[in-house]
Amino acid sequence: MREYQSMLKEHNVTQSMSRKGNCLDNSVMEKFFGRLKTEMFIGETFCSVEDFQQKLEEYICYFNNERVSLKLKGMSPVQYRTHSM
């Protein structure tokens, strides 16, 4: 762990940590990464880093603009935000 923290310091990166025992701080991102893994990674092979980056960008665009959610009343995140305004 100290090696990891040293590497972060060398690159001027601040480590993100929640308070002890407060799992809700990361719940939104944890849910997104869980969805990302099940909908994009499982059974997928990437030929290169560029291929991975392109597919990741496509997935994020799909996630925000096309993928509907019951929690968002059957709308995509972008539709829900613009509908609320």
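Lys73 is exposed (over 50% relative accessible area, with a 1.4 Å probe and protein chains only), since its relative accessible area comes to 65%. Keep in mind that this is a predicted model, where local features need pLDDT of at least 70, side-chain atom pairs count only at pLDDT 80 or more, and totals for chains, interfaces and linings use all residues. Residues are numbered from 1 along each chain as its sequence is written, and side-chain values use heavy atoms, with hydrogens and water left out.

**Overall layout**
- The chain has 4 helices and 0 strands; helices are DSSP runs of H or I with at least four residues, strands are E runs of at least two, and numbering goes from the N terminus.
- Along the sequence, that reads as α-α-α-α.
- Of the 85 residues in the chain, 14% are buried, meaning under 20% relative accessible area, with partly exposed lying between buried and exposed.

**Loop residues with positive phi**
- Lys73 sits in the loop between α3 and α4, and its phi is near 60°, a positive value in a residue other than glycine.
- Asn12 is in the loop between α1 (2-10) and α2, with phi near 55°, again positive in a residue other than glycine.
- Asn12 is exposed, at a relative accessible area of 70%.

**Helix α3**
- α3 covers residues 49-65, so 17 residues, and spans 24 Å from first C-alpha to last, close to the 24 Å expected at 1.5 Å a residue (that is, 1.5 Å times one less than the number of residues).
- Its buried residues are Asp51, Tyr59 and Phe63.
- Looking down the axis of α3, those buried residues fall within an arc of 100°, so they line one face of the helix; the arc is taken from the directions from the helix axis to the C-beta atoms.
- Val49, Glu50 and Glu57 are exposed on the other side of α3.

**α2 against α3**
- Helix α2 (residues 27-41) packs on α3 at about 115°, with the axes 11 Å apart; axes are lines fitted to C-alpha atoms over the stretch in contact, and angles run from 0 to 180 degrees between N-to-C directions.
- Residues making the contact (heavy atoms within 4.5 Å) include Phe32 and Leu36 of α2, and Phe52 and Leu56 of α3.

**Arg67**
- Arg67 lies in the loop between α3 and α4 (77-84), and counts as buried at 16% relative accessibility.
- Not counting residues up to four places away in sequence, Arg67 touches Arg35, Glu39, Tyr62, Met75, Ser76 and Pro77.
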